Amino acid sequence: MAQDENQSAQDDQAWFDALSGKADSAKATRLRNVLREVELEEAAKEDTTHDWQRLQFAMRREEGKPQEKMDSRFKYYALAASLLLVVGTATMLMQSGGSPTLSPMDAATVMRGTAEQVILSTAPAKEAKQLESELSALGVNVTKIDSADKVELHINLNYPVSDDVRKLLEARVIPVPQQGDLVVVFVNNSR
Amino acid sequence: MRTFQKSFLASKEARVSGVDPNECLRRVTMGGKVAEQGMEQLFKLYASRIKAFFRHHRMSDEEAADLLQETFIKVYRSADKFEGNSKVSTWIWTIARNCMLDYLRTKKSHESLDELQDEGGTVEALVTQGHEDHLHIQDCVQRGFIAFAKSFPDRAHAMRLAAFEGWDMDELAGFLSRTPAATREYISQCRKKLTPYLEHCREWLEA
């Protein structure tokens, strides 16, 4: 009985091996050829042109998603670039010796005729108050807006800008705009 | 050892189609235009057959198209997770089958795959349907197998894939999500169930 079962299992295995092309058996090979033919004939009936176009669209949408489908090499490049940026920024901050750090004017935001200058400071309120009083002493109208981490000075410049005002601003490396008001934002960077 | 196995499997698949699916999959992991080219090759190799597979399991045109999309999006998303322990064909077909099973579980909970497998119908009626006279013997086998496929679509497809992809028992077990022992029994049953459908062609098959 057990011998029959064993024989049957061997026959099944041999049949399957021949079916999948791993062993020779004329009978199973003929069947195999028919199965392959059936597979190809049925596949040929399917039109997948539209399916491919749809998939292309879906892939491009996937490609557009952040954090997905990024080649591992590019991940390393991106990481290296980020590290360089962090190290570079830290070096610049250290070289400034902890004094107020100024954003360059060409990077300043200019909107609706107003130039904005950001100054990183460990004592924003104190520095803002100092600048406000010095500008006011020169007859410049200044509005101060305090908030938790920053102090904004909205400076209403009169054109042409007087030499005294120009010197005062340039002493703090604040470029004088060509026109419009100037907003100087003192941001707390002590944390 | 693993590298050898991977390259062996890859070269074997490449010989079958002229395209190396492993290389296609590697391209897919690169992203951008190269990935799209890799996907296009894989799509050409498998899409039509996968779509036919869904139809065989009574999926409508729309369902088959949606499942095909789902399958290839999963291939695209998880290409970098393919470790090369199996053939690419086994991996892709398993994804396709799982997509269909998930769909059946959620959308057609009233039907199970087992129900889809056994439609019944008498062997005589199905095999002799529409051709009484002189059939070419190859047609005889083809008709017999198509009749078998109507009654046992899942078994018929497993056999077709084994024949077409050259899968061994373990690869088929992976595709079917069965243990090797259960797969051996499955194969044995396939053989037994197929026999009456090919009875008419016995002489030709044994010649």
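Student: Leaving aside neighbours within four places in sequence, which residues is Ala162(B) in contact with?
Tutor: Happy to start there; this is a predicted model, in which local features need pLDDT of at least 70, side-chain atom pairs count only at pLDDT 80 or more, and totals for chains, interfaces and linings use all residues. Residues are numbered from 1 along each chain as its sequence is written, with chains lettered from A and ligands numbered from 1 in the order in which they are written. Contact here means that C-beta atoms, placed from the backbone, lie within 7 Å. With that rule, the partners of Ala162(B) are Trp167(B), Leu172(B), Phe16(A), Leu19(A) and Ser20(A).

Student: How many residues of chain B are in contact with chain A, and how many of chain A with chain B?
Tutor: On the chain B side, α3(B) brings the largest share, 9 residues; helices are DSSP runs (H or I, at least four residues), numbered from the N terminus. The two sides in contact count 38 residues of chain B and 34 residues of chain A.

Student: At what angle do α4(B) and α5(B) pack?
Tutor: Axes are lines fitted to C-alpha atoms over the stretch in contact, and angles run from 0 to 180 degrees between N-to-C directions. The residues making this contact include Leu67(B) and Val75(B) of α4(B) and Ile92(B) and Tyr103(B) of α5(B). The two axes lie 9 Å apart, and the angle is about 130°.

Student: Which word describes how α4(B) lies to α5(B)?
Tutor: Under 35 degrees counts as roughly parallel, over 145 as roughly antiparallel, 65 to 115 as roughly perpendicular, and the rest as oblique. With an angle of about 130°, α4(B) is therefore, relative to α5(B), oblique.

Technical notes
Helices (H or I, at least four residues) and strands (E, at least two) are DSSP runs, numbered from the N terminus.
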